[in-house]
Amino acid sequence: MRFVRENEIKVSRPGPDRFTDGVWEAPALEAVQPDGLRAQRFSYDPEARSGWHTHDGEQALYVLSGRGVITRWGESRGTEVGPGDWIHVQPGEKHWHGAVADDTLVHIAVTASGKTHWHGPVSDEEYRSSLE
């Protein structure tokens with residue numbers, strides 16, 4: 001068993017190959033087995049977002065504060081989420097998530113197993129259409 005204290009968590013900006021500017025990542029739990037469970041806290045400025053990505057395993061997102069949008073590949077409009085909402089992402093489900101245009105977003109991401117695969121940025125047009 002391992003306990004992680006808030007003051008042990010190091011916050012950094014993830015790379016532009018995964019997120020736009022205005023995103024901070026705070027890894028809370030690192031996998032203890034190859035491709036094992038991991039958890040991070042993400043904070044987004046308004047309009048900041050991830051790129052398109054998939055996960056080998058399941059992922060759960062839990063919204064702590066603010067408002068965001070989650071969009072699955074093939075959807076013309078995303079789903080708005082807010083504090084207390086849970087999102088269950090299936091393995092291989094291509095999606096992105098980020099803050100709405102007029103609010104910040106903070107969420108916890110818990111990924112059950114496997115790797116995350118990045119599939120390119122979400123264009124400004126894709127972002128705007130997901131909010132309509």
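## Aromatic rings in this model

The charged end of Lys-94 sits over the ring of Trp-73, with 3.7 Å between that charged end and the ring centre. Keep in mind that this is a predicted model.

**Phe-19 and Phe-42**

- The ring centres of Phe-19 and Phe-42 are 5.2 Å apart and their planes meet at 25°; planes under 30 degrees apart count as stacked, so this pair is stacked.
- The two partners come from distant parts of the chain, 23 residues apart: Phe-19 is in the segment before strand 1 (23-29), while Phe-42 belongs to strand 2 (residues 38-44).
- Phe-19 is buried, at a relative accessible area of 4%, and Phe-42 is buried too, at 6%.

**Trp-52 and Trp-73**

- Trp-52 pairs up with Trp-73 edge-to-face, with 80° between the planes and 5.0 Å from centre to centre.
- Trp-52 sits in the loop between strand 2 and strand 3 (53-55), and Trp-73 in the loop between strand 5 (68-72) and strand 6 (79-81), so the pair ties together parts 21 residues apart in sequence.
- Trp-52 is buried, with a relative accessible area of 5%, whereas Trp-73 counts as exposed at 52% relative accessibility.
- Trp-73 is also the residue whose ring has the charged end of Lys-94 over it.

Notes. Residues are numbered from 1 along each chain as its sequence is written. This is a predicted model: local features need pLDDT of at least 70, side-chain atom pairs count only at pLDDT 80 or more; totals for chains, interfaces and linings use all residues. Side-chain values use heavy atoms; hydrogens and water are left out. Rings of Phe, Tyr and Trp (its six-membered ring) pair if their centres lie within 6.5 Å; planes under 30 degrees apart count as stacked, over 60 as edge-to-face and the rest as tilted. Helices (H or I, at least four residues) and strands (E, at least two) are DSSP runs, numbered from the N terminus. Buried means under 20% relative accessible area, exposed over 50%, partly exposed in between (1.4 Å probe, protein chains only). A charge sits over a ring if NZ of Lys or CZ of Arg is within 6 Å of the ring centre and within 35 degrees of the ring normal.
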